[in-house]
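Subject: A structure for you to look through

Dear colleague,

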Amino acid sequence: MNAEIEPFQAIGVSRLAQTLAAEGRSIVRMEFGQPSTGAPSAAIAAAHRVLDSDAMGYWESPALKARLARHYAETYGVSAEPDRFILTCGASPALLLALISSFSPGDRVALARPGYVAYRNTLKALHMVPVELPCGAETRFQLTAAMLARLDPAPAGLIIASPANPTGAIIPADELAAIASVCRERGIRIVSDEIYHGLSYVGPTHSMLEFEPDALVVNSFSKYFSMVGWRLGWLLAPPGRLSRARAYVGNLYLTAPSLSQHAALAALDSQDELQANLAVYARNRDLLLDALPSLGLAAIAPPDGAFYIYASVAHLTDDSLAFCKQLVREAGVAIAPGVDFDPVEGRHFIRISFAVSTPLVEEGLRRMRPWFAAYRKA
C-alpha cells in the first residue's frame with residue numbers, strides 16, 4: 001500500500017507569491033529557509049576553473065572527505081575517518097540514506113513536534129512509524145531525555161535537530177549527553193540533523209557525535225555555506241552502517257555533482273565571508289525580535305540558531321495556512337504556516353525566515369505593521 005504523504009503547505013504559499021509577483025506585485029519572500037547570499041566567492045572561482053579544465057564524471061572527492069574529517073576534528077574534537085563521509089545531493093538524500101540503512105518498515109522512530117515536515121513524511125514514505133513528541137515552551141520546543149525515557153515501548157530510532165527547523169532552538173550540551181545516555185540504555189539509534197550548524201547566536205553548537213560516536217549525522221552545504229542550488233550534503237555514518245548505506249547510494253544516486261564537490265572544498269576555507277553572512281542574519285534576527293511584540297507576536301520559540309522565528313498567532317487565528325495566504329495577498333509578505341511543522345498545534349503558529357537581506361526584513365516589517373494592526377481590530 002502506498003504511504004499517504006502530506007503536501008508541504010509552504011510551497012503552496014510560495015506558488016501564490018510567485019503568481020502575484022508575475023502579475024506585477026512586489027512580494028517580500030520570507031517563506032523558505034534559503035540564504036539570499038550566493039556561494040562564497042572562492043567556491044565560485046573554483047567552479048570556473050574546473051569547468052575550463054575538467055570534463056568531470058561520476059566521482060566522490062577524496063580531498064573533500066578529508067577536509068570534512070578535519071572540520072569535525074577542529075570544530076567538535078571528533079575523530080572521523082574520511083571514508084565515513086558519504087557525499088549526497090543535499091541533506092534530504094542523506095536523511096533518506098540514514099533511515100533506510102538503519103531501520104526497517106514498521107520501525108518506530110521518535111522526533112520532536114514541531115519539526116521539519118520531511119522527517120515525518122520521509123518516515124511514512126519508507127513505511128516507518130513517526131512517533132511525534134509534543135514539545136512546547138516548557139521544554140524550549142525541543143525534546144528531552146526524560147521524554148525518551150518515558151516512551152513505552154522504546155522506539156527503534158530517534159531524529160534530533162539542533163538548531164531546529166522551524167524554531168531555531170538549540171539543545172544544550174548536557175541535554176544532548178543525557179539524550180545519548182538514554183538512547184544507549186534503551187537501544188535507540190540516533191539520527192542527528194545538523195544542517196544548521198554554524199548558524200548560532202548563543203555560542204557554539206555541539207555535534208551529537210561528541211556524546212554518541214555511533215550516531216548518524218546529516219549535514220549539507222546549503223545553509224551555513226550558502227550553497228542551496230549546488231545540491232551537496234553528506235551523511236557521516238558509523239563503520240557498521242557504511243556498507244549498507246553505500247550500497248543504497250550507489251544504486252539510487254550514483255554520486256553527488258562533481259562540480260559542487262570542487263566548489264565545496266573551497267567553501268570550507270571561506271570563513272571570513274561566511275561569518276559576514278552570519279552577521280547579517282544576526283542583525284535581521286535582532287530587528288525581528290525588537291519589532292514582533294508591536295505586531296502582537298510575543299510568544300515565540302527561542303531563536304538560538306538557524307534563521308527562523310516561530311511565533312504563536314493563536315490569539316489571531318486557528319488556521320495558519322489561510323492566515324499566511326491572506327498576508328501575502330494583502331500585504332505582499334510571504335511566510336510559512338505552522339501546519340507544515342506541527343499537524344496538531346501548527347494551525348496556531350507561523351514561521352518567518354530571516355535568511356534574506358536586511359533591507360528586505362525592514363520592508364517586510366514595514367508592510368506587516370499596519371496589516372497586523374488591522375487584522376487585530378477586525
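Strand β9 (residues 308–312) runs antiparallel to strand β12, and the two are joined over 5 bridges, where strands are DSSP runs of E of at least two residues, helices are runs of H or I of at least four residues, both numbered from the N terminus, and two strands pair if DSSP finds at least two bridges between them. Please keep in mind that this is a predicted model, in which local features need pLDDT of at least 70 and side-chain atom pairs count only at pLDDT 80 or more, while totals for chains, interfaces and linings use all residues. Residues are numbered from 1 along each chain as its sequence is written, and side-chain values use heavy atoms, with hydrogens and water left out.

How many of the residues of β12 are buried? The count is 5 of its 5 residues (349–353), where buried means under 20% relative accessible area, exposed means over 50%, and partly exposed is in between, with a 1.4 Å probe and protein chains only. In a regular strand, side chains alternate between the two faces of the sheet. In β12, F349, R351 and S353 are on one side and I350 and I352 on the other, and all of them are buried, so that both faces are covered.

F349 also belongs to a cluster in which ring pairs link it with F141, Y310 and F341; rings of Phe, Tyr and Trp (its six-membered ring) pair if their centres lie within 6.5 Å, and planes under 30 degrees apart count as stacked, over 60 as edge-to-face and the rest as tilted. Across the whole structure, a search finds 20 aromatic pairs. One of these is the edge-to-face pair of F323 and F372, with 5.7 Å centre to centre and 65° between the planes. This pair links distant parts of the chain, since F323 is in helix α11 (residues 320–331) and F372 is in helix α12 (residues 358–377), 49 residues apart. F323 counts as buried because its relative accessibility is 1%, and F372 counts as buried at 1% as well.

Finally, there is an open sheet of 7 strands with mixed pairing, in the order β2-β8-β7-β6-β5-β3-β4. Strands β2 (85–88) and β4 (129–134) stand at its edges with a single partner strand each, so one side of each has no neighbour in the sheet.

With best wishes
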